[in-house]
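Reader: I am new to this one, and I would like to go through it slowly with you. Could you show it to me before we start?

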Amino acid sequence: MASLTIRKLDDAVKTYLRLRSARNRRSVEEEVRVILRELIEGREEPLTPFSAPPAPSTAPTPQRTGALPEASVTLIIGGGIAAYKSLDLIRRLKERRIEVRCVLTKAAQQFVTPLAVSALSHERVYTDLFDPQSEFDAGHIRLARDCDLIVVAPATADLLAKISNGHADDLASAILLATNRKILLAPAMNPLMWSNAATRRNVAQLQRDGVALIGPNSGEMAEAGEAGVGRMSEAIEIANAAERLLRPPMPKPLAGKRVLITAGPTHEPIDPVRYIANRSSGKQGFAIAAAAQAAGADVMLVSGPVDLDDPAGVTVKHVESARQMLEQVQAALPADVAIFAAAVADWRVANEGEQKLKKTAAGMPQLQLVENPDILATISKLTDKRPPLVIGFAAETEHLIENAKAKFARKGCDWIVANDVSPATGVMGGDRNTVHLLSRKNGAKDGEIAVDSWPVMTKEQVAIELVAHIARIATDKSREPAS
Ligand code: C5P
């Protein structure tokens, strides 16, 4: 098989891989494998590399499908009566969008069949260390490493002994010895076996080795009349434990902060049926709202007319015109951070028709335009209630940085996110964006302008990076912007 040296890839690809793998909490090597797998399976994930931040599996799915990061588990089923629960475990993992590849020990096959396991996992099942089909390219190594977590359920007393002593005389133990992934064991055995000094030693050793355990629970045993500690945890408990290891709760750096965001275009009426608008889709502003919400902020989104679902957990005010947007923004203050991503129409029609304008013999109606309030500049220049961090956007079709710098001074905001929206870029209405973050060096009001250019990213990715920058400021008092 060909091997790939990540170091030798060009910088844009390296940055993309690093960001994506960091977000998904995988090694870069593993991320490349996932991308290739997705490509082969014809999924579109490579073009939308960052999933939205993790949400509990029971929570309503945010705006995009694929909201949970992809994850995969190698499930080793040991030989015990509790093996039947592993069939349910496969289902529970899959409903959490966790891919499952199963390995059955020889003893496990006495309790569940490879056919049943394969039917539930939709994958081939592995049983033999010396299977020429899977071992032609060291299949046990792949099973050990091409996953994010190894779950052993049921983990029998014999398997615990093998793992704690580093045996590798069958496929399951070879995988467990060869892995560099986290391991979760769900022990199941007779209470006397569980309390036996040998098992106690093995469990203590495994805990010292950093292996995670779930259960066993206490209760009745399969053996008539026996009860005690030794019952394997329920499938749902094991799946939840696996999910906690795979998707640890996200830090909430913006907890307690109020973030105000504008998004989308505005519609400026000409008459009751016509309006002036622009091509803004609102995707970038909505992605920022979702990312700020995931970072723990209390988010208020004031949106012009868009064709997007409201992000989960965000308060959304829908408006039409620039004046309505300003009204809602003012009503939403105070805020710790205000991000003005809306493409507000610069002008509105002064002589808006009360009725639909008609074609007349007198010729075409003359539209008189008046300037709309500049929401960003208005809020930036407030003396009271000015949010400590005000961020504007500069969507330009030429001289991007030059124009963005000029806007910076004019608007009085703290940061400007500049992006090129000329038609060739496909940014307006598209899913990707290339942005430059302009800020003042050391946060000083008249300080030199620093330009931080980011690689091309999805709008979700831009949102996550922007929120990460905000979180650094929000949690570092010494770097607070001048107000
Ligand atoms: O002047 P220009 O429209 O290019 O400035 C863009 C920035 O100003 C964006 O952040 C936009 O949301 C904001 N803006 C505003 N109100 C306006 C015009 C622009 O808040 N009337």
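**Helix 7 and its surroundings**

Author: The buried residues of helix 7 pack against strand 3 (149-155), helix 8 (171-178), strand 4 (182-187), helix 9 (191-195) and helix 10. Contact here is a pair of C-beta atoms, placed from the backbone, within 7 Å, and helices (H or I, at least four residues) and strands (E, at least two) are DSSP runs, numbered from the N terminus. This is a predicted model, in which local features need pLDDT of at least 70 and side-chain atom pairs count only at pLDDT 80 or more, while totals for chains, interfaces and linings use all residues. Residues are numbered from 1 along each chain as its sequence is written.

Reader: Which residues of helix 7 are buried?

Author: In helix 7, Ala157, Leu159, Leu160, Lys162, Ile163 and Ser164 are buried. A residue is buried if 20 or more other C-beta atoms lie within 10 Å of its own, exposed if 12 or fewer, and partly exposed in between, with the C-beta atoms placed from the backbone.

Reader: And at what angle do helix 7 and helix 10 pack?

Author: Helix 7 (residues 157-165) and helix 10 (residues 197-208) pack at an angle of about 50°, with their axes 9 Å apart. Axes are lines fitted to C-alpha atoms, for helices over the stretch in contact, and angles run from 0 to 180 degrees between N-to-C directions. That angle makes helix 7 oblique to helix 10, since angles under 35 degrees count as roughly parallel, over 145 as roughly antiparallel, 65 to 115 as roughly perpendicular and the rest as oblique.

Reader: Which residues of helix 7 and helix 10 make the contact?

Author: Helix 7 contributes Ala157, Leu160, Ala161, Ile163 and Ser164, and helix 10 contributes Ala198, Thr199, Asn202, Val203, Gln205 and Leu206. By class, this contact has seven nonpolar, four polar and no charged residues. Ala, Val, Leu, Ile, Met, Phe, Trp, Tyr, Cys and Pro count as nonpolar, Asp, Glu, Lys and Arg as charged, and the others, Gly among them, as polar.

Reader: What about helix 8, why is it largely enclosed?

Author: Six of the eight residues of helix 8 are buried, so helix 8 is largely enclosed by the rest of the structure. The buried ones are Leu171, Ala172, Ser173, Ala174, Ile175 and Leu176.

Reader: Changing topic, is alanine 222 buried or exposed?

Author: Alanine 222 counts as exposed, because it has 12 C-beta neighbours inside 10 Å. Alanine 222 is found in the loop between strand 6 (217-220) and strand 7 (227-231).

Note on methods. Two residues are in contact if their C-beta atoms, placed from the backbone, lie within 7 Å.
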